[in-house]
Amino acid sequence: MPVKFPSFRSRRDAFPEKLWTRCPSCSEQLFNKALEKSLHVCPSCGHHFRLTSSDRLEQLLDPGTFEERDAGLLSQDPLGFIDQKPYPDRLAAAKLTTGLADAAVWGFGEIEDQPVAILVMDFGFMGGSMGAVVGEKVARAAEGALAARVPLIIVSASGGARMQEGTMALMQLAKTMAAIERLRAARVPFISVMSDPTTGGVFASYAATGDVNLAEPNALIGFAGARVGAGTIGQELPPGFQRSEFLFSHGFVDRVVARADLRRELAGLLRYLHPSRTEAASG
Amino acid sequence: MVDRILGRAPRSIAEAPVEPASEPSAEDRKAAVWARVQLARNLRRPRTNELLAVMADEVIELHGDRLFGDDGAIVACFARIGRHRVAVVGQQKGTDTEENIRRNFGMPHPEGYRKAMRVMALAERCGLPIVTLVDVPGAHPGPESEERGIAEAIARSVGLMTQLRTPIVAVITGEGGSGGALAIAVGDVVLALENAVYSVITPEGCASILWRTSDEAATAALAMKMTAAEQRALGVVDQVIPEPEGGAHTDHEETGRRLKAAIIGELDRLVAIPVDQLVEQRYRRYRSLGAYTEVVTEVPAPPAPPRSGLADRLRGLLEAGSRAIPAPLQVGRRDEPPAREDV
């Protein structure tokens, strides 16, 4: 079987006939070209659309600085998992529609000339779920950041652990946290950016534990799915429950940052979070 | 790694004692797995307090996370097990309704995990090994848990346990339910009682997402390979401890006796390992879990110029022949892709 490498071509190129998108928040019809210019944020109500990993990298990094690492990691089917479709079929379908190898891409790049290790997740690939490949990439990104002594940035967009890999997916929480803790012990900073959605096992591991936690406005961020929580407990949910602003008001997010400001905010934070570099640059 | 996992997976089915030797039907296997899930959830199954009553000569319980409150769903204590003085962190359900409400049906809130972290960090400082006893359907999923940062508490606890410079023996005694269980189940060695189960999500939750009905919970339980024997085959669990005939709930005394022997055996082994090596081994243990293949990535070669089709080549030859003088320029133009497929 030929190996499919991740492609960074915009997904929309494959369907050029689609010109308009309806904003799910304010129902405004938006011209796709204009939406792209506004970084996939609705110009009329500020709704933040989900981004592909390639769009996210393009928006955050200095042009042409991204060097992908470990692109050849491919998921296995350790359990022989079949629900209504076999897991390998779901993987193949996700690869076909996204052009990605799995739900995360990592590599080295620069933000306003400051080197970083960066991992971005892609919700389009099986809900951004974390299986062995995503866990391995997060661990390698943390180890890579440690070896190069550059800050780590992770942009999360995930429904949580990938059920089709069973406890193997659950163990990725421990794998990623082990690597993140080593990074912390070595005093290399880690910025977690949470986008819509960041839930379940991804929120309950690296996404919640940045040295600085940022979140895009109104992103769904929570541990238990809202349906699971309400169903189990039978309780009224408070307004704005599990949204960025809810986490902000309870002290788990440092800053809620609109997409248009994200690159600038990250660059500003990096100047504090990597003081040794700043000294070298100014001195 | 991958081969190890895949190679061992079929053996797990052969190993599982519930499976008859002849090819069992899918329905039989589903029923067998579901019976185990029910055993793991049995209300009279021994939890931390019941097991410690058998295993420990002395128990001194510690309370509170110093931040918010004391969570009855998690018990933290110092205890003497054989010749070892250890810190024990375990989950506790109630034996009656009143106690169940106090212990929140074994579903910990953030303060439970923060209490666990406080006591485990204290154990590290005092050079005490840690034993954890895990039986949790899941962390408490309600609004107050989210407000107080259940995800952050779980993540920090998992992270802390990967780094602690003291031996950790984790035991899945009943339900190992997702992140709420893993938060206190990271260890140098992970044991499981024979009828314990371990999964990334409850079978009901998995079924309602992937099959769109929780009626398929048994099917999901089978697909997730959540029994102790299957988890042993995957490498998530290192050792399975047989339960008394009929299950752990029939004989707390005997269950505790068997578990005590296994825990003491592991503690004897682990305390002899230099701590740097121990922590590195634990890092490697979790670093290597998960199945993936790695294709060596090379810099992709520039795309080869499109090969000229047979028809093009024939036409080229014919045109060249008709002019008597070869026309290499025209042939050379083939590096441009044809505007249309013309065959």
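This is a predicted model: local features need pLDDT of at least 70, side-chain atom pairs count only at pLDDT 80 or more; totals for chains, interfaces and linings use all residues.
Visitor: Which element gives the most to the side of chain A that touches chain B?
Guide: In total, 56 residues of chain A are in contact with 52 residues of chain B. The elements of chain A that give two or more residues to this side are strand E4 (73-75), helix H4 (132-148), helix H5 (166-185), helix H6 (200-203) and helix H7 (226-233). With 14 residues, the element that gives the most is H5(A).

Visitor: How do the residues on that side of chain A divide into nonpolar, polar and charged?
Guide: The side in question is the one where 56 residues of chain A are in contact with chain B. By class, its residues are 34 nonpolar, 18 polar and 4 charged.

Visitor: Which residue of chain B stands opposite Leu73(A)?
Guide: Strand E4(A) is joined to strand E9 (residues 292-294) of chain B by 3 bridges, and the two run antiparallel. Within E9(B), the residue opposite Leu73(A) is Glu294(B).

Visitor: What are the classes of the residues in the contact of H5(A) with H13(B)?
Guide: The crossing of these two helices is left-handed. H5(A) contributes Met171(A), Ala174(A), Lys175(A) and Ala178(A), while H13(B) contributes Tyr283(B), Tyr286(B) and Arg287(B). By class, the contact has 5 nonpolar, no polar and 2 charged residues.

Visitor: What is the orientation of H5(B) and H7(B) to each other?
Guide: Helix H5 (residues 110-125) and helix H7 (residues 150-163), both of chain B, pack with their axes 8 Å apart and at an angle of about 20°. Angles under 35 degrees count as roughly parallel. H5(B) and H7(B) are therefore, relative to each other, roughly parallel.

Visitor: How do the residues of the contact of H5(B) with H7(B) divide by class?
Guide: H5(B) and H7(B) make a left-handed crossing. Residues of the contact include Tyr113(B), Met117(B) and Met120(B) of H5(B), and Ile154(B), Ser157(B) and Leu160(B) of H7(B). They divide into 11 nonpolar, 1 polar and 2 charged.

Visitor: How many of the residues of strand E5 of chain B are buried?
Guide: A residue is buried if 20 or more other C-beta atoms lie within 10 Å of its own. Strand E5 (residues 168-177) of chain B is largely enclosed by the rest of the structure, because its buried residues number 10 of the 10.

Visitor: What is the bridge partner of Val169(B) in E6(B)?
Guide: E5(B) runs parallel to strand E4 (residues 130-136) of chain B, with 6 bridges between them, and there Val131(B) stands opposite Val169(B). E5(B) also pairs in the parallel sense with strand E6 (residues 189-193) of chain B, over 4 bridges. In E6(B), the partner of Val169(B) is Val189(B).

Visitor: Which residue in E7(B) stands opposite Gly177(B)?
Guide: Strand E7 (residues 197-199) of chain B pairs with E5(B) in the parallel sense, over 3 bridges. In E7(B), the residue opposite Gly177(B) is Ser199(B).

Visitor: Is Val86(B) buried or exposed?
Guide: Val86(B) lies in strand E3 (residues 84-91) of chain B. Not counting residues up to four places away in sequence, Val86(B) touches Ala79(B), Ile81(B), Leu128(B), Pro129(B), Ile130(B) and Val131(B). Because Val86(B) has 22 C-beta neighbours inside 10 Å, this residue counts as buried.

Visitor: What separates the C-alpha atoms of Val86(B) and Leu128(B)?
Guide: Leu128(B) is among the residues that Val86(B) touches. The two are 42 residues apart along the chain, and their C-alpha atoms are separated by 5.1 Å.

Visitor: What does Ala53(B) count as, by its C-beta neighbours?
Guide: Ala53(B) is part of helix H3 (residues 48-55) of chain B. Its C-alpha atom and that of Leu43(B), 10 residues apart along the chain, are separated by 18 Å. Because Ala53(B) has 13 C-beta neighbours inside 10 Å, this residue counts as partly exposed.

Note on methods:
Residues are numbered from 1 along each chain as its sequence is written. Chains are lettered from A and ligands numbered from 1 in the order in which they are written. Two residues are in contact if their C-beta atoms, placed from the backbone, lie within 7 Å. Ala, Val, Leu, Ile, Met, Phe, Trp, Tyr, Cys and Pro count as nonpolar, Asp, Glu, Lys and Arg as charged, and the others, Gly among them, as polar. Two strands pair if DSSP finds at least two bridges between them. Axes are lines fitted to C-alpha atoms, for helices over the stretch in contact, and angles run from 0 to 180 degrees between N-to-C directions. Angles under 35 degrees count as roughly parallel, over 145 as roughly antiparallel, 65 to 115 as roughly perpendicular and the rest as oblique. A crossing is left-handed if the near helix is turned anticlockwise from the far one by less than a right angle, and right-handed if clockwise. A residue is buried if 20 or more other C-beta atoms lie within 10 Å of its own, exposed if 12 or fewer, and partly exposed in between; C-beta atoms are placed from the backbone.
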